[in-house]
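I opened this notebook page to keep track of what I looked up in the structure, chain by chain. The entries follow the order in which I went through it.

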Amino acid sequence: MTATSVLAAEHLDRLFQALARREYTCVGPTVRDGAIVYDRIEGAADLPRGFTDTQAPGEYRLERRDDDACFAYVVGPHSWKKYLFPPERRLWRLRRSDGSIERVDADEPPPRYAFIGVRACEIAALLIQDRVFTGGPHSDTYYGRAREDAFVVAVSCTESAPTCFCSSMGTGPAVTGDCDLALTELVGEQHVFLVEAHSPAGRELVDELDLQPAATEQEHAARAAVGAAAQQERALDPEGLPELMGKSLESPRWDEIAERCLACANCTLVCPTCFCSDVEDISDLTGEHAERWRRWDSCFNPGFSYLHGGDVRRATAAKYRQWLTHKLGTWVEQFDTSGCVGCGRCITWCPVGIDITAEVPKLAKGEAS
Amino acid sequence: MKDIGQMVAEHPFFEGLAAEHATLIAGCGGLAVYDPGAYLARAGSPAEHFFLIRHGKVALEVRPPGQDTFILDSVSAGEMMGWAWLYEPYVWQFDARAMDLVRVIEFDGACLRGKCEADPALGYDLMKRFARVMVQRFVDTRLQLMDVYGSRD
Amino acid sequence: MAVGTERAAASADDVWVPRPWVVRSATREIGDTVTLEIEPRDASAARPVAPGQFMMLYIFGVGEVPISVSGTGPTSGLLHTVRDVGAVTHALCNLGVGDVLGARGPFGSAWPIDEHKGCDVVIAAGGIGLAPLRPVVRHVLERRGEYDDVVVLYGSRQPDQLLYTPEFERWRAAGIQVEVTVDHADQTWDGHIGVVPTLVRHARFQVDEAAAFLCGPEVMMRFMAQELVDRGVVPERIHLSLERNMKCAVGMCGRCQLGPEFLCLDGPVFPWTRVERLMAVPEL
């Protein structure tokens, strides 16, 4: 049983200081451009204190709270993948020399990140991307190093959005491990964080903070708050989804979805597990140097499935089918896990509000009839 | 030497044919040999026969005005060639040229039509065999039309 | 901390970087198709290659394409037969002896030839699809006694687009039945006319003893596989090589997916039974 300690909100900066002493680059939630995004943060003052988000299909709004809660929002458009699997990264630089080619850059070590405010669903997403990038016959060294070095400060959700469905997917809202520290924020008479260490590095840091043990009623309050966040209006039953996806490949529902889908790729960009990428080869004007850049791509983008002068998947219906059947279906065969963690980002950030928790039952119904 | 009835029965086109039907059909057939370059059929001429190819290869051709002769299809040993004898006006639509030494059993169309009219069971059996080949060639032609080797650039 | 991460033996950064390879020979096969024999500049970059696998070939500053290995050359280099259809393949087709290109690999699955020792072998190819199958023909030639009847069924659009025709007599001399067809021809052509699946009618092999290896346009392979199954070939013994867009070749860019399959890792060679249903779904 992990011992729970208490960190007073006014002392939250001590956590940042302890991480800074360990030379971590802190990244976490902060308010920017009318949303809560992940960025470099220096201390508690950068957190979205007193803010929350309201979400619905195709809708996201930042709102003021009447308290000073730092983590009383759900998830924004960003996810941690942008640090481990950067939106664009140079893979190598080559030089023409002596009639041959040689690599002239070295693998740059990724920053040692401390991720502040990682949600339970996002831990699930990290575990999924671990399999994608480091679980196969080949490994993405950059991802592997960044991931191995990262210090994960997770925060259990005490709020959930109408777009959340982590409860049904079994990925949240409570943080139960796979992190260094797990926090639960309590606001009320006292504004405190209950802190649990889930790794040796986490325990060492907690020891350094010299915290008091949590009172039983505080632990009860924390459980109640997280329990309330587990009451979610949306749900997706993961049982049998791969089979359903496999059977639905020629369902007429894809055409119905395609009538709304703009193929804008938002869902894939906000998804914390989507991993498709493109590479671009470029050379300088002298022709002496060439580089390869890897960039996020999307199965919705034109050219993604290009073959012999045309795209294999041209219709939006085919592109949406690829996305959903991969995410919920073939992903399981490939990585022994669903690609969906129930974070709801694809619902919120879809400009036309396509809701996968609504579309899946329609596919199931179509299958049944 | 084998008689025609035996050759008919052994040809893949007539696989499983009832013995009495083989005898009936063989009665309309005769053996023929075509030298390389000889024509088994000419577009526009009366289609009085069909052929079971026993040896060699036959090119089905068309010659568009002002262009070189174009081979549409080839038919080889073990296959059947010619169905214009089945329907009025009994006229060949394409040239059929022996690509090498071609040995065939040549059947008289009018003779066969008469026997089929007289014996619907024979007629139905023969028609099924022709339909099957026609469907196969139709499918092959569709695939050929797709020009699968072309790049779309 | 290491949260669920496992260090894999090979690092992607290594496999991402093209190594210098040198062109040992360049032979124009037909109008738009060239066979390059290439060798690694540094022998340590050489890896064992199995028939059916592919390499990522890179032209400095232009880009990279997956190209199947089409054999080993006289000086033990790897052969790649490249058709000039885009910027990178155009540059590849214009390389000369001594030129340096980049290469990564080999990647992907191999033709299961050894698993079918003692079988009759049907090799069916369309167009450039004969290139990935030529190593199979050569493998069988070198071990002719280990296989029973061997048939090569090959087709292209027209006679001047047929690959490797000078080798056919050698194949025939070794007792391999080689049947060639084209979609269109004039009277100078004395082979078959028609699509590749029609050649099965002329092929001499025992259906219940046969293993088949197919490569060519996807539609051709579907019809071919169906024709073989209709004739009684065991579906599990039919294998084919598929093609999709790929950028990484190591299962990470996500582009080469066909249903659950990553063509770069799980393919390009698949048993027909594993991909039959996927190939039938339009735009999958």
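I began with the surface of chain B, which exposes about 7,900 Å², with carbon and sulfur atoms supplying 55% of it; accessible areas here come from the Shrake-Rupley method with a 1.4 Å probe, and for residues only the protein chains shown count as cover.

Before going on I noted the conventions: this is a predicted model, in which local features need pLDDT of at least 70 and side-chain atom pairs count only at pLDDT 80 or more, while totals for chains, interfaces and linings use all residues. Residues are numbered from 1 along each chain as its sequence is written, chains are lettered from A and ligands numbered from 1 in the order in which they are written, and side-chain values use heavy atoms, with hydrogens and water left out.

**Chain B**

I found 4 helices and 8 strands in chain B, where helices (H or I, at least four residues) and strands (E, at least two) are DSSP runs numbered from the N terminus. Read from the N terminus, the elements of chain B run α-α-β-β-β-β-β-β-β-β-α-α.

I then checked the radius of gyration, taken over C-alpha atoms and compared with a globule rule of 2.2 Å times the number of residues to the power 0.38. Chain B has 16 Å, which agrees with the value near 15 Å that a compact globule of 153 residues would have. Along its principal axes, the C-alpha trace of chain B spans about 55 × 30 × 30 Å.

Of the 153 residues in chain B, 44% are buried, meaning under 20% relative accessible area with a 1.4 Å probe and protein chains only.

**Chain A**

The secondary structure of chain A comes to 13 helices and 17 strands. Its radius of gyration is 22 Å, close to the 21 Å from the globule rule for 369 residues, so chain A is as compact as a globular protein of that length.

I followed one open sheet of 8 strands in chain A, with mixed pairing and the order β3-β2-β8-β10-β11-β12-β1-β13; two strands pair if DSSP finds at least two bridges between them. In chain A, β3 (35–40) and β13 (212–213) stand at the edges with a single partner strand each, so one side of each is left without a neighbour in the sheet. Strand β2 (residues 25–32) of chain A runs antiparallel to β3(A) and is joined to it by 6 bridges, and A:V27 stands opposite A:R40 in β3(A).

How values were computed
Buried < 20%, exposed > 50% of the residue type's maximum accessible area, 1.4 Å probe, protein only.
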